[in-house]
Amino acid sequence: MAASALNEERQLAINPIVASSVQHNTQVISNIRNLTASLFGVAAGTLGLESYAGFIFYILASLVVSVLLFALKTDGKPGAYFYRPLGDLWLGDVFGGLSGFVLTWTLFYGLVRA
Amino acid sequence: MGQPVVQTIHRDPALFWWILLPITVVMILTGILRHYAMTLLQSTPKKADLPKIRQQRSLTRGVNLRANANVISSSSFAARKAYMVQAYQEGKFLAEPEQRGKPRPNPMSDPAAMEGMMGMMKGNMAMMIPQTLIMGWINAFFSGFVIMKLPFPLTPQFKSMLQSGVGTRDLDVRWVSSLSWYFLTLFGLQPVYNFILGSNNAANQVSQQMAMANGSGGGMMGPEQDPDKLFLSEAENLEVLEHRWILEGIEDRLVAKLAAVSV
């Protein structure tokens, strides 16, 4: 156990993780998430989704965005861009976009349906 | 009663033009204004005198040496370590060597610390004043209108907050007044600011309050600490650091990597 930790530390020293690059990658993900979340809100509001249907729509759409990010932005190799691909790419900032989603969802629901 | 009747309200379409749109525009503009106000209010750091700068920079030097120790060879690391540790322990870099071992003066009397507190006050003011003003503005002009229906149900506890100024007891909680649109924009406009102002803007008060709650401890404590103690602890950190040169065995690694590529 200790040997593997040491080995990992050594690997990190040999291939260091540059903080500014990590920050940039996270920023790109966050921007895409925020933009798409707002657009999904427009879609959900126009479709007239209510309560759980809307949130499920958001989760499914975020999943689609994750797949697109995986395929297009990282070329199927998220390990090259993220230290922890699961947390940073697949789940990263999903809930950060939720407030933007609710905002546009409410707005367009109010304009179109109610 | 079993299935409640779906309540519908016919609203004037002008409500959108005269309430929803103005609030949104005002919120966006306030965010932009706050961003530029914060940029203007940022006081330029005061010029410190030479010994103070030397004290601070030499401490940073120790920290940098510790962080990057692995990229220099063992002998040069040992030489640097010996020099830094000795200088730290003797207090060579101290700005006021005669103050060593004496208790620190009251931080309130230190003008530099007061400066930092003023900066924090300004930041707080730039957040609080627009928030209060806009809340008052919305309450004064737009209270009493039901402007929109939320697409998701809420528990009745929200009724008093979201339907403030609407005196209808049996109205579904999903019908909300203008103040709740204000709250939605307050939390949801961060992406808009991101796209208008760039990513590290100072527009959103919510994210700023979070940052302040996290960061206030470190920033406030910084200037008050005894520099001598900081130096001694840094010397100790350097002493116990285990040094491992990154270029050790580089030939073997390189050969192994090239062999793996060529196969």
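Colleague: Let's start with Asn25(A): is it buried or exposed?
Modeller: This is a predicted model, and in it Asn25(A) sits in helix H2 (residues 19-47) of chain A. Buried means under 20% relative accessible area. Asn25(A) has a relative accessible area of 18%, so it counts as buried.

Colleague: Which residues does Asn25(A) touch, not counting residues up to four places away in sequence?
Modeller: Asn25(A) belongs to helix H2 of chain A. With the residues up to four places away set aside, its partners are Tyr81(A) and Phe82(A).

Colleague: And chain A as a whole, what pattern does it follow along the sequence?
Modeller: Chain A has 5 helices and 0 strands. Of its 114 residues, 33% are buried. Among its contacts between residues at least 6 apart in sequence, 74% join residues at least 24 apart. Read along the sequence, the pattern is α-α-α-α-α.

Colleague: UniProt has something to say about this chain too; which residues of chain A does the annotation "transmembrane region" cover?
Modeller: Over residues 55-74 the chain is 95% helix and 0% strand, with the end C-alpha atoms 27 Å apart. Over residues 94-112 the chain is 79% helix and 0% strand, and there the end C-alpha atoms are 26 Å apart. The annotation comes from an unreviewed UniProt entry and covers residues 55-74 and 94-112 of chain A.

Colleague: Now to the aromatic residues: why does the pair of Trp105(A) and Phe152(B) join two chains?
Modeller: The structure holds 8 aromatic pairs over all chains. In this one the centres are 5.5 Å apart and the planes are at 40°, which makes the pair tilted. Trp105(A) lies in helix H5 (residues 98-112) of chain A, while Phe152(B) is in the loop between strand E1 (146-149) and helix H5 (159-162) of chain B, so the pair joins two chains.

Colleague: Which residues form one aromatic cluster with Trp105(A) and Phe152(B)?
Modeller: Both Trp105(A) and Phe152(B) are buried. The cluster that holds them also takes in Phe55(A), Tyr58(A) and Phe101(A).

Colleague: H5(A) also packs against helix H6 of chain B; what is the handedness of the crossing?
Modeller: H5(A) and H6(B) (residues 178-188) pack at an angle of about 145°, with their axes 8 Å apart. The contact involves residues of H5(A) including Gly100(A), Leu103(A) and Leu107(A), and residues of H6(B) including Trp181(B), Leu184(B) and Phe187(B). The crossing of H5(A) and H6(B) is left-handed.

Colleague: Within chain B, which residues are in contact with Ile32(B), leaving aside its neighbours within four places in sequence?
Modeller: Ile32(B) has its place in helix H1 (residues 14-41) of chain B. Its C-alpha atom is separated by 7.5 Å from that of Tyr193(B), 161 residues apart along the chain. The contacts of Ile32(B) are Tyr193(B), Ile196(B) and Leu197(B).

Key
Residues are numbered from 1 along each chain as its sequence is written. Chains are lettered from A and ligands numbered from 1 in the order in which they are written. This is a predicted model: local features need pLDDT of at least 70, side-chain atom pairs count only at pLDDT 80 or more; totals for chains, interfaces and linings use all residues. Side-chain values use heavy atoms; hydrogens and water are left out. Rings of Phe, Tyr and Trp (its six-membered ring) pair if their centres lie within 6.5 Å; planes under 30 degrees apart count as stacked, over 60 as edge-to-face and the rest as tilted. Helices (H or I, at least four residues) and strands (E, at least two) are DSSP runs, numbered from the N terminus. Buried means under 20% relative accessible area, exposed over 50%, partly exposed in between (1.4 Å probe, protein chains only). UniProt positions are given in the numbering used here, feature names are shortened, and annotations may be inferred rather than shown by experiment. Axes are lines fitted to C-alpha atoms, for helices over the stretch in contact, and angles run from 0 to 180 degrees between N-to-C directions. A crossing is left-handed if the near helix is turned anticlockwise from the far one by less than a right angle, and right-handed if clockwise. Contact means heavy atoms within 4.5 Å.
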